[in-house]
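User: I am new to this structure and would like to learn how to read its features one at a time. Could you take me through them slowly?

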Amino acid sequence: MIDNSIFGNLTAEYHTLGCKLNFAETSTIGKMLSEKGVRTAGKGEIPDICVINTCTVTELANKKCRQEIRRIASKYPDAVIAVTGCYAQLKSDEVAAIDGVDIVAGNDQKGEIADFIEHWLAEKRQMVEITPLKDIRKFIPSCSKGDRTRYFLKVQDGCDYYCSYCTIPRARGRSRSGRIDDLISQARQVAADGGKEIVITGVNIGDFGKGTDETFFDLVKALDGVEGIERYRISSIEPDLLTDGIIAFTAQSKRFMPHFHIPLQSGSDAMLKLMRRHYDTALFAHKIDEIHRLMPDAFIGVDLITGMRGETDELFEESKAFIESLGISRLHVFTYSERPDTMALRIPYIVDQHTKHLRTRRMMDVSDRKWKEFAGRFVGTVRPVLFEHTFDRQGMMKGFTDNYLRVEVPADKSLVNKVVGVRLTGFADEEELMKGELV
């Protein structure tokens, strides 16, 4: 083994592709290396180690991962290149074959990357460490800050849903969670470090506690009692797991923000069946109505897939009409990408690429309209904004309102990581950004 005095002379650079959960886990890898004395490389500094945390949600994501790995290996030919994440889990042989890759670690091995790098430094031998899907059982805790004032707390990993279009359960394994006591300790540490906002993340967070006597609702109530944290946001949660009780509790909480991100994927019941989703449009509409009834100012983001196999012109128009009817704030639109070994490949009706992209553009137009309608309601009103560390070249700083509107004001370092009242004065030039003035 390499002693820490040698390890301590090294620097590392971190690259993350994909979801907020990946960012939280990359942060944890960075902490583990830091504990061994590895310093994060400064701007313009050539790193000794490069860690790349990958995504595989679409074929385009795989392509971007390959490009990023090749780019980094070419840019830093003498660095130790360690690749982990979902793409590494599913395509380990493909990743290992890329010139310059020294370590390939599956999702279950993210917590061991520091040890793998030590082994590589000692032996200079490529390592490929992948736990078979059926054996993935560990929950690796993560809580990241990154460059912003928000922290991302991982509470759950894996998924048992096996939607027909998705490979994530094959990359992440079965659903598993942390324990509430441990997660509360992490939240208290965030507060002690001066953190004001925590985003609750996972692959399927509503499934938290599956197989135990704890539930996601229990976790929400426990987190709400942590002193020092001013804001919580619930990241993507399945509509059938977002209970009316959770909605009612967050509505009266001073710490949980009026902000939801709920995957729909299609506004057609026929498509939801083909997708093997666990709800129908009636249940989804009920959840939106319930949020609006209790939190009329809430921001509601919705995930949507266009052009999946089976989506005829009629079913697409049905989906679009349903989405138009919903009181939502923004869509996250994904063009369907065929994934190997998924059940969707058995569906005979194939949507051509041109039609897929047209449908994506039409749904993005709906999203733009929905966002402007939602944001426009708050022009002239005062909302609490938590400001971030970063300042732009125009001398502006940005932050988010309680209901997730991004706002800019003239930069003032005294505002960083503080919640202050801001009057929203109109739309800024940047997409989905508002202008504000301090109150």
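**Helix packing**

Analyst: Helix H10 (residues 244-252) packs against helix H12 (residues 281-294) at an angle of about 20°, and their axes are 10 Å apart. Because angles under 35 degrees count as roughly parallel, H10 is roughly parallel to H12. Please keep in mind throughout that this is a predicted model.

User: What is the hand of the crossing of H10 and H12, and which residues of the two helices make the contact?

Analyst: The crossing of H10 and H12 is right-handed. On the H10 side the contact is made by Asp-244, Ile-247, Ala-248 and Ala-251, while H12 contributes His-286, Lys-287, Glu-290, Ile-291 and Leu-294. Sorted by class, the contact of H10 with H12 has five nonpolar residues, one polar residue and three charged residues.

User: How do helix H13 and helix H14 pack, in terms of angle and axes?

Analyst: Helix H13 (residues 313-325) and helix H14 (residues 353-376) pack at an angle of about 10°, with 11 Å between their axes, and these two helices are therefore roughly parallel to each other. From H13, the residues Asp-313, Phe-316, Glu-317, Ser-319, Lys-320, Ile-323 and Glu-324 meet Arg-359, Arg-362, Met-363, Val-366, Arg-369 and Lys-370 of H14. By class, the contact of H13 with H14 has four nonpolar, one polar and eight charged residues.

**Nonpolar cores**

User: Where do nonpolar side chains tend to be in soluble globular proteins, and which residues touch the most other members of the largest nonpolar core here?

Analyst: In general, nonpolar side chains in soluble globular proteins tend to be buried together. In this model the largest nonpolar core has 66 residues, and those touching the most other members are Phe-216, Leu-223, Phe-284, Ile-291, Met-308 and Leu-331. Helix H8 (residues 180-192) gives the most to this core, with six residues. As for Leu-223 itself, if neighbours within four places in sequence are left aside, this residue is in contact with Leu-153, Leu-183, Ile-184, Ala-187, Ile-200, Tyr-232 and Phe-256. Apart from that core lies another, of 20 residues, among them Ile-69, Ile-72, Ala-96 and Val-104.

**Buried residues**

User: Is Ile-198 buried or exposed, and what does Ile-198 touch?

Analyst: A residue is called buried when its relative accessible area is under 20%, so Ile-198, at 0% relative accessibility, counts as buried. Ile-198 lies in strand E11 (residues 197-201), and, not counting residues up to four places away in sequence, it touches Tyr-151, Leu-153, Ala-187, Val-190, Ile-229, Arg-231, Tyr-232 and Arg-233.

User: Where is the place of Thr-56, and is Thr-56 buried or exposed?

Analyst: Thr-56 is in the loop between strand E3 (49-54) and helix H3 (59-75), and with 1% relative accessibility it counts as buried. Beyond the residues up to four places away in sequence, Thr-56 touches Ala-61, Asn-62, Cys-86, Tyr-87, Leu-90, Thr-167, Ala-171 and Arg-339.

User: In which strand does Glu-408 lie, and is Glu-408 buried or exposed?

Analyst: Glu-408 lies in strand E18 (residues 406-410) and is buried, with a relative accessible area of 13%. Leaving aside neighbours within four places in sequence, its contacts include Asp-392, Met-396, Leu-433 and Gly-436. The C-alpha atoms of Glu-408 and Asp-392, which are 16 residues apart along the chain, are separated by 10.0 Å.

User: In which helix is Gly-30 found?

Analyst: Gly-30 is found in helix H2 (residues 20-35), where it is buried at a relative accessible area of 16%. Between the C-alpha atoms of Gly-30 and Ala-114, 84 residues apart along the chain, the separation is 8.9 Å.

Terms used:
Residues numbered from 1 in each chain as written. Predicted model: local features only at pLDDT ≥ 70, side-chain atom pairs only at ≥ 80, totals over all residues. Heavy atoms only, no water. Axes fitted to C-alpha atoms, helices over the stretch in contact; angles between N-to-C directions. Helix = DSSP H or I, 4+ residues; strand = E, 2+ residues; numbered from the N terminus. Parallel < 35°, antiparallel > 145°, perpendicular 65-115°, else oblique. Left-handed = near helix turned anticlockwise from the far one by under 90°. Contact = heavy atoms within 4.5 Å. Nonpolar A, V, L, I, M, F, W, Y, C, P; charged D, E, K, R; others polar. Buried < 20%, exposed > 50% of the residue type's maximum accessible area, 1.4 Å probe, protein only. Core = buried A, V, L, I, M, F, W, Y, C linked by side-chain atoms within 4.5 Å.
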